Amino acid sequence: MTSEARRDPFTDHLLTPENAALVLIDYQPSQVQAVKSIDHELLIDNIVSVARLARTFDLPVVLSTVNVANGQGPTIPELKAVLSDSPEIDRTSLNAWEDKEFRLAVEATGRRKLIMTALWTEICLAFPSLDAMRAGFETYPVVDAVGGTSPEAHRAGLERIAQAGGKPVSWVSLACELQRDWARTETVADVVDIVLTTRLLASA
């Protein structure tokens, strides 16, 4: 019962706290309201869990909104409470990658693996994911922490990303991929709370 020596966390082909960044795009009230592919409460719970994991593993975070300057609501409070120290990059572009400030923020993380979350799947997730891959990044859409304007639109968006080389993950698999070994005790308590205590066993 002996774990192998930890692989180089910077060159590991799997996600690690040292090689990945979290990108969150357009988790705003009007965007959530129009999602039809997943229950809204479940969607919010899942993206908050993803954000908590980012904080536990000290991942760089890029948080963006669309059209707040023109009257759209800011990031939903449940998510902003976890990411209170992350500035919001407001845009007018539907494709966040076509916003210079957003793109520079992603590049400034120094990470080439991007854990991608956005509303809606078929637009605000798909477009920047496709552009990021063309720019040499790897993208990991969190399939159950995003949502589309219909189940079909959600599936099509994810398929388009996967066909271009994206690597879909779930929020629970993300937690386990970042943790990887229960012998890494510094993050165990938080991961158990985020995944089991607060979520999976909460209604058992």
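## Basis of the model

Helices (H or I, at least four residues) and strands (E, at least two) are DSSP runs, numbered from the N terminus. By that scheme, D90 sits in strand β3 (residues 88-91).

This is a predicted model, in which local features need pLDDT of at least 70 and side-chain atom pairs count only at pLDDT 80 or more, while totals for chains, interfaces and linings use all residues. Residues are numbered from 1 along each chain as its sequence is written, and side-chain values use heavy atoms, with hydrogens and water left out.

D90 is partly exposed, at a relative accessible area of 27%. Buried means under 20% relative accessible area, exposed over 50%, and partly exposed in between (1.4 Å probe, protein chains only). Contact means heavy atoms within 4.5 Å. Leaving aside neighbours within four places in sequence, D90 is in contact with T65, V66, N67, V68, A69 and D99. N70 is 20 residues from D90 along the chain, and the C-alpha atoms of the two are separated by 10.0 Å.

R91 also lies in strand β3. The side chain of R91 meets that of D26 in a salt bridge (2.9 Å, N to O). D26 belongs to the loop between β1 (20-25) and α1, so this pair ties together parts that are 65 residues apart in sequence. Both ends are buried: R91 has a relative accessible area of 2%, and D26 has 0%.

## Salt bridges of E138

A salt bridge is a side-chain nitrogen of Lys or Arg within 4 Å of a carboxyl oxygen of Asp or Glu. The structure holds nine of these salt bridges. E138 forms one with K113, at 2.9 Å from N to O. This pair links distant parts of the chain, with E138 in strand β5 (residues 138-141) and K113 in strand β4, 25 residues apart. E138 is partly exposed at 26% relative accessibility, whereas K113 is buried at 6%.

E138 also forms a salt bridge with K167, where the closest N and O atoms are 2.6 Å apart. K167 lies in the loop between α6 (151-163) and α7, so the pair ties together parts that are 29 residues apart in sequence. K167 counts as partly exposed, at 35% relative accessibility. Salt bridges that share partners also join R7, D12 and R180 into one network.

Q31 lies in helix α1 and is buried, with a relative accessible area of 11%. Not counting residues up to four places away in sequence, Q31 touches D26, L119, W120 and C124.

In helix α7 (residues 171-179), the buried residues are W171, L174, A175, E177, L178 and Q179. Their cover includes α2, β4 (113-118) and α8.

## Surface patches

Patches are made of residues with over 30% relative accessible area and no salt bridge; like charges are joined within 9 Å, and nonpolar side chains (Val, Leu, Ile, Met, Phe, Trp, Tyr) within 5 Å. Lys and Arg count as positive and Asp and Glu as negative, with His and the chain ends not counted. The place of a charge is NZ of Lys, CZ of Arg, CG of Asp or CD of Glu. D39, E41, D45 and E78 gather in a surface patch of negative charge. D39 is in the loop between α1 (29-33) and α2 (40-56).

L196, L200 and L201 form a nonpolar surface patch with about 260 Å² of accessible area together. Accessible areas come from the Shrake-Rupley method with a 1.4 Å probe, and for residues only the protein chains shown count as cover. L200 is found in helix α8 (residues 188-200) and counts as partly exposed, at 45% relative accessibility.
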